[in-house]
Protein chains: 2
Amino acid sequence: MHSELRGGINSTEEVTSKLRELIMNGTLVQGERLTETGLAARLAVSRTPVRLALATLEREDLVEGAPNRGFRVRRFSIEDMREIMEVRAVLEGMAARLLAEKGLEPDQNATLQECLNGIAELIASKRHDPETFREFARINDRFHTSIAAFAGNTALQRLMVRNPFRSAPLLHFLPDEEGRAALIDAQRDHIRLVDAIRKGEGTRAEFLMREHGLLPLQRADQLFTNINKNAANQRTDEAS
Amino acid sequence: MHSELRGGINSTEEVTSKLRELIMNGTLVQGERLTETGLAARLAVSRTPVRLALATLEREDLVEGAPNRGFRVRRFSIEDMREIMEVRAVLEGMAARLLAEKGLEPDQNATLQECLNGIAELIASKRHDPETFREFARINDRFHTSIAAFAGNTALQRLMVRNPFRSAPLLHFLPDEEGRAALIDAQRDHIRLVDAIRKGEGTRAEFLMREHGLLPLQRADQLFTNINKNAANQRTDEAS
DNA sequence: TCTTGTTGAATTGCATGCAATCTTGTGTAA
DNA sequence: TTACACAAGATTGCATGCAATTCAACAAGA
């Protein structure tokens with residue numbers, strides 16, 4: 001009974017976010033079996049909140065369950081991630097368009113500008129350590145979340161909050177140099193995006209955002225291509 | 001303990017879909033309080049599956065719950081419905097674009113054609129009774145569901161299946177003549193949409209679908225305008 | 001060696017008890 | 001009459017027991 005929990009109003013919520021975190025940061029490996037009793041013991045609660053939490057996570061597509069056979073951590077293939085990002089890109093594009101069409105309030109404009117400035121500072125600092133990338137992820141998240149919130153469509157906003165996939169975590173898989181390049185690319189996109197929104201150019205904003213949303217995917221492809229090339233080269237080497 | 005249930009493998013699923021149905025068809029009124037014990041008694045199960053079902057429905061935005069204060073049926077304002085439809089229209093537009101870009105398999109093409117033919121028959125029959133509208137709703141649903149399925153993005157498909165709002169039910173609120181007009185409009189949209197998909201014109205398909213998705217909204221606005229006009233006239237009458 | 005049947009342990013799904021929290025109705029004081 | 005306080009009833013949230021199902025290991029037969 002080592003209480004890894006305690007601190008929230010109700011257990012179910014605590015368990016849900018704790019599990020979400022454990023899955024997202026890889027502590028619970030993809031495909032791993034999740035038993036109610038096991039998790040209950042680990043989190044020092046009874047099976048009831050665990051069961052509730054798992055049902056919630058199933059709706060978020062973080063775990064998948066079969067009747068009478070419990071749950072396991074969902075496996076995400078590259079193809080799955082591509083699909084999720086495509087959907088996200090379209091939804092975020094919609095948010096950008098709505099915001100451009102509606103116009104920015106002064107404080108909203110200021111918020112976006114803060115994000116631009118923050119990332120600009122990070123780039124100017126020329127650092128490429130993990131902390132820099134985490135800071136980028138925070139600002140980037142705020143930038144995108146803000147646009148979704150400012151767009152004024154609560155149904156859209158809710159959908160995006162629940163769709164758990166953010167692109168930033170992918171940066172961790174890139175080597176430092178590439179990570180820095182990705183950061184610069186992202187900033188370039190952000191600047192053009194904010195420009196379009198400020199000018200009320202809805203269609204331009206929408207498609208800039210779509211393209212921006214697929215940016216990490218291109219890098220993933222690139223990574224994959226490199227990996228495949230290496231594999232191919234190795235096979236050629238072996239054959240000779 | 002009048003068993004309104006029994007017939008499925010597990011209770012939770014049964015309760016979930018039963019509740020979904022009760023909410024959708026209006027048996028459970030918007031804003032109505034839902035007590036676990038009440039529902040459990042009504043559906044002849046214990047509180048456990050009811051609790052799980054309510055958690056699921058909360059994620060679907062059909063009910064809303066507050067900590068320690070249970071759940072109530074969610075209230076949908078006109079504005080809420082507009083927002084949901086806008087999101088749906090964008091997602092369906094995406095599906096149409098993907099399908100157009102990917103190209104139709106022969107059997108997929110046949111399925112869409114069947115839908116077109118079915119609705120054409122309904123229009124030709126010149127009937128405007130409730131059964132005709134229900135049949136339209138069925139075919140219409142199949143049409144849209146098929147496009148979502150054929151698009152080949154499972155993340156998108158899942159999102160659309162879970163977003164419970166379909167436009168067809170709104171037709172019930174329209175007088176018969178308007179309903180028939182709406183049906184003709186929809187068919188016109190469908191034909192152009194399928195044309196765009198067949199020709200691989202992704203952008204055209206996407207925006208036709210967006211416009212099509214907002215069609216019931218325009219009619220709702222029209223209805224509302226009429227209602228308001230009536231109200232205004234009555235006020236003028238009273239004043240004179 | 002591979003397939004198939006069987007048995008026991010593990011696990012899920014549901015029911016229910018109990019404490020904590022909220023709601024509601026009544027009484028009291030200003 | 002209104003505002004407030006308080007207590008009783010109702011309801012939620014969590015823990016846990018029990019039956020039904022599934023899983024795993026092992027043995028028997030092809």
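In this predicted model, the surface near DNA strand C is made up of four nonpolar, nine polar and six charged residues. Of the 19 residues around DNA strand C, those that come nearest are B:S11, B:T12, B:S46, B:T48 and B:R69. Sugar or phosphate accounts for 68% of the atoms of DNA strand C within 4 Å of the protein, and bases for the rest.

| Residue | Protein atom | Atom of DNA strand C | Distance |
|---|---|---|---|
| A:R47 | side-chain N or O | base nitrogen | 3.1 Å |
| A:N68 | polar backbone atom | phosphate oxygen | 2.8 Å |
| B:T48 | side-chain N or O | base nitrogen | 2.7 Å |

Two or more residues of this surface come from each of strand 1 (33–34) and helix 3 (47–59) of chain A, and helix 1 (11–24) and helix 3 of chain B. Helix 3 of chain B gives the largest share, three residues.

Between the protein chains, 31 residues of chain B are in contact with 30 residues of chain A. The area buried there is about 2700 Å², with 55% from carbon and sulfur atoms. Six salt bridges are found across this interface; one of them joins A:R210 to B:E206, whose closest N and O atoms are 2.5 Å apart. Helix 3 (47–59), helix 4 (78–102), helix 7 (154–162) and helix 9 (202–213) of chain B each contribute at least two residues to the side that touches chain A. The largest share, nine residues, belongs to helix 4 of chain B. By type, this side of chain B has 12 nonpolar, five polar and 14 charged residues.

Notes: Residues are numbered from 1 along each chain as its sequence is written. Chains are lettered from A and ligands numbered from 1 in the order in which they are written. This is a predicted model: local features need pLDDT of at least 70, side-chain atom pairs count only at pLDDT 80 or more; totals for chains, interfaces and linings use all residues. Side-chain values use heavy atoms; hydrogens and water are left out. Contact means heavy atoms within 4.5 Å. Buried area is the accessible area (1.4 Å probe) that two parts lose on being put together, summed over both. A salt bridge is a side-chain nitrogen of Lys or Arg within 4 Å of a carboxyl oxygen of Asp or Glu. Helices (H or I, at least four residues) and strands (E, at least two) are DSSP runs, numbered from the N terminus. Ala, Val, Leu, Ile, Met, Phe, Trp, Tyr, Cys and Pro count as nonpolar, Asp, Glu, Lys and Arg as charged, and the others, Gly among them, as polar. A residue is near a molecule or strand if one of its heavy atoms lies within 4 Å of it. A polar contact is a pair of N or O atoms within 3.5 Å; within protein, one must be able to donate a hydrogen and the other to accept it, and residues adjacent in sequence count only if both atoms are side-chain atoms.
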